[in-house]
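Here are some notes for you as you look through the coordinates.

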Amino acid sequence: MRSISPDHDVGQCIRGFKLLANIPWDKVDNVIIPVNISEKFHWFLVVFRIKLRCLHVYDSMKGGAVHTKKVNEAVGKLATMIPLFLTSTGFYGKRLDLYANKLPKYVHKSQSDPLDIKHMMHAPQQEDISNDCGLYTCLFAEYISNDVFDMRSIDIDAKYHRQRYATILWHYGKTKNEDGAISESEVTGTVASKFGGPRIAKEHVLDTTNYPTPRQQTRN
């Protein structure tokens, strides 16, 4: 509980600081959270659906008692921790709509109550012998970013997407190198860290309005 503070790294991220490309959580309705289980060498995706007060879990390798236990433990910690950080950062005071509109998931709920958890049972699955969990986690995040939450009808070609991501990253790095751009060139707002990080206003960094970063295309 001593770690629950607006100045903690998690608290700073919620307030829109710490990361180069970040905005406060009170400005969005969904937050994408990649999760790694180090002892299982496994990545999966959690999406905080704010209006539903629920964590949606997209796992490309479901099955097995040990695996399921590890995933549930990791998600359970997030479900407990996130509401406490939201309270400590004043999040709910900026999202009065959640209670004023009497959203079902917020009625008769304490702000510090753990979040609900929903495992997305129809998330696309990787091949049993593959190590593609990281690739699938990136793809889940891409689909979510394009407002695709139901992926039951999506058939993922892992080889194609590995090649696509490699091409995108190569072109992206080449263009940045040619333009002399750095990560700070793509700041989306004020970047700050209470613990010695830079505080940069967007208007003080390189204008990237016409920066030719390729747009990712979703393959259905």
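This is a predicted model: local features need pLDDT of at least 70, side-chain atom pairs count only at pLDDT 80 or more; totals for chains, interfaces and linings use all residues.

1. Let's start with N22, which sits in the loop between helix 1 (9-14) and strand 1 (30-37). Its relative accessibility is 13%, so N22 counts as buried, the cut-off being under 20%. What does the side chain of N22 reach? Another is the backbone oxygen of F17, which lies 2.9 Å from a polar atom of the N22 side chain.

2. Next comes T87, a residue of helix 2 (residues 65-88). With a relative accessible area of 38%, T87 is partly exposed. A polar atom of its side chain lies 3.0 Å from the backbone oxygen of P83. Once neighbours within four places in sequence are left aside, T87 is in contact with Y92, Q111 and S112. For Q111, the separation from T87 is 24 residues in sequence, while the C-alpha atoms are 6.8 Å apart in space.

3. How many salt bridges does a search of the whole structure find? The total is 11. One of them joins K70 and E39, with 3.3 Å between the closest N and O atoms. This pair links distant parts of the chain, 31 residues apart: K70 belongs to helix 2, and E39 to the loop between strand 1 and strand 2 (42-49). Both ends are partly exposed, K70 at 26% relative accessibility and E39 at 48%.

4. R162 and D132 are worth a look too: their side chains meet in a salt bridge at 2.9 Å, N to O. Because R162 lies in helix 6 (residues 158-179) and D132 in the loop between strand 4 (116-119) and helix 5 (133-145), the pair ties together parts that are 30 residues apart in sequence. Is each end buried or partly exposed? R162, at 41% relative accessibility, counts as partly exposed, whereas D132, at 14%, counts as buried.

5. Finally, please have a look at the network in which D29, K51, R95 and D97 are joined by salt bridges that share partners. Within this group, D97 forms a salt bridge with R95, and the closest N and O atoms are 2.9 Å apart. Here R95 counts as buried, at 6% relative accessibility, while D97 is partly exposed at 27%.

Definitions and conventions:
Residues are numbered from 1 along each chain as its sequence is written. Side-chain values use heavy atoms; hydrogens and water are left out. Helices (H or I, at least four residues) and strands (E, at least two) are DSSP runs, numbered from the N terminus. Buried means under 20% relative accessible area, exposed over 50%, partly exposed in between (1.4 Å probe, protein chains only). A polar contact is a pair of N or O atoms within 3.5 Å; within protein, one must be able to donate a hydrogen and the other to accept it, and residues adjacent in sequence count only if both atoms are side-chain atoms. Contact means heavy atoms within 4.5 Å. A salt bridge is a side-chain nitrogen of Lys or Arg within 4 Å of a carboxyl oxygen of Asp or Glu.
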